[in-house]
Amino acid sequence: MEEAKNNTGQNLGIAALITAIVTFVLAVIPCVGLIAIIPGIIAIILASVGLPQAARRNEPKGILIAGLIIAIIASMISLSQVFVAGKIARHADKWPNEIQNVIKDVQDNVVKDMEDANISIKIDSNGDTVEVHTSTKNAGKEQKLEELEGVNAQKNDSLQQKK
Amino acid sequence: MPRRMIVYSKKSEPLKRVFLKLGDEPYHIINIVFAGVIVMILAYSGIFSPEKNNYPVVCIHERLTGQPCFSCGLSHSFSLIVRGRIQEAYKWNQYGMRVFLFFVSQLLFRIDFLRLSIKHPDNRRQLIIYDSIGSGLIFLISFWPFIAGIIKGFLQVL
């Protein structure tokens, strides 16, 4: 029983070191890094409790110190991830507006591209071919309309002259 | 009050000695615990299948931020590697293989270092130093994409 009591510092050191190493591995995996702070704190507590006990009984403190250092580093990594995730989550509120702006920009670009599009349709049916060329250019349409109007106007004029 | 006595036969004595040796040394306990943890990770990958998609561990980062992280799909990747579907595993997470190899190498390390530590107790200190350096290097190589990602993310946020 006494022997078991005397080994408490060492046992706490082993527990702290194992927990600290597991915490370290968890902390560098982003998916679970955020919750690694919990075993990190447990490891720090275990090492902190074990250190004075080991000092009182003149036991080796190497494992306890190693556990404490690894646990502190792992907890810091985990804390940094909490900080980063928190910042990203705060910015995430602004994302819907940004996404809407991006969608609007894309829509505008598509409409602009469609305005300048040239469309050709070719239909083959039983040896007969029908080919339609058209342009969605507003400027081209306006020009064509003006030309047509000009021709008609001349025709009208000529008719009026005949009369 | 009668004392309870545990009688060991002559056959079980070497086994008892082995257990006593294992329990005496903290390094042995640490090796056994880590080997157990890695076996549990491999069992987790084997039990949960990518087809059923019944993994209990979810990405907390994605839940909080809505963005997938570097380690998303790691469980799927491990399960597929265990089942020998390496190509699919790469699709789920491109770093899955190197992390999986880290765990497998650590399992072999734990078993081998435990054996060496029992066989050569006088060189234990040297063994622990070699183990720490080797495992640390393998850890850095295997997890470097995640570590670099964390550093990059932290610097971007700052």
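**Briefing: nonpolar surface, core and interface**

L155(B) lies in helix 7 of chain B (helices are DSSP runs of H or I, at least four residues, numbered from the N terminus). The model is predicted: local features need pLDDT of at least 70, side-chain atom pairs count only at pLDDT 80 or more, and totals for chains, interfaces and linings use all residues. Residues are numbered from 1 along each chain as its sequence is written.

**Surface patch**
- L155(B) counts as exposed because its relative accessibility is 58% (exposed is over 50%, buried under 20%, partly exposed in between, with a 1.4 Å probe and protein chains only).
- On the surface, L155(B) forms a nonpolar patch with F83(A), L140(B), W144(B), I151(B) and L158(B).
- Helix 7 (residues 124-157) of chain B gives the largest share of this patch, four residues.

**Core**
- The largest nonpolar core has 29 residues; V28(A), I29(A), V99(B), F103(B), F139(B) and F143(B) touch the most other members (a core is a set of buried Ala, Val, Leu, Ile, Met, Phe, Trp, Tyr and Cys residues joined through side-chain atoms within 4.5 Å).
- Helix 6 of chain B gives the most to this core, six residues.
- Beyond neighbours within four places in sequence, I29(A) is in contact with Q81(A), S71(B), L74(B), F143(B) and F146(B) (contact means heavy atoms within 4.5 Å).

**Interface**
- In chain B, 28 residues are in contact with 28 residues of chain A.
- The two chains bury about 2300 Å² between them, 87% of it on carbon and sulfur atoms (accessible area lost on being put together, 1.4 Å probe, summed over both parts).
- F34(B), I150(B) and V157(B) supply 22% of the area that chain B buries against chain A, more than any other three residues.

Key: Chains are lettered from A and ligands numbered from 1 in the order in which they are written. Side-chain values use heavy atoms; hydrogens and water are left out. Patches are made of residues with over 30% relative accessible area and no salt bridge: like charges are joined within 9 Å, nonpolar side chains (Val, Leu, Ile, Met, Phe, Trp, Tyr) within 5 Å. Accessible areas come from the Shrake-Rupley method with a 1.4 Å probe; for residues, only the protein chains shown count as cover. A salt bridge is a side-chain nitrogen of Lys or Arg within 4 Å of a carboxyl oxygen of Asp or Glu. Helices (H or I, at least four residues) and strands (E, at least two) are DSSP runs, numbered from the N terminus.
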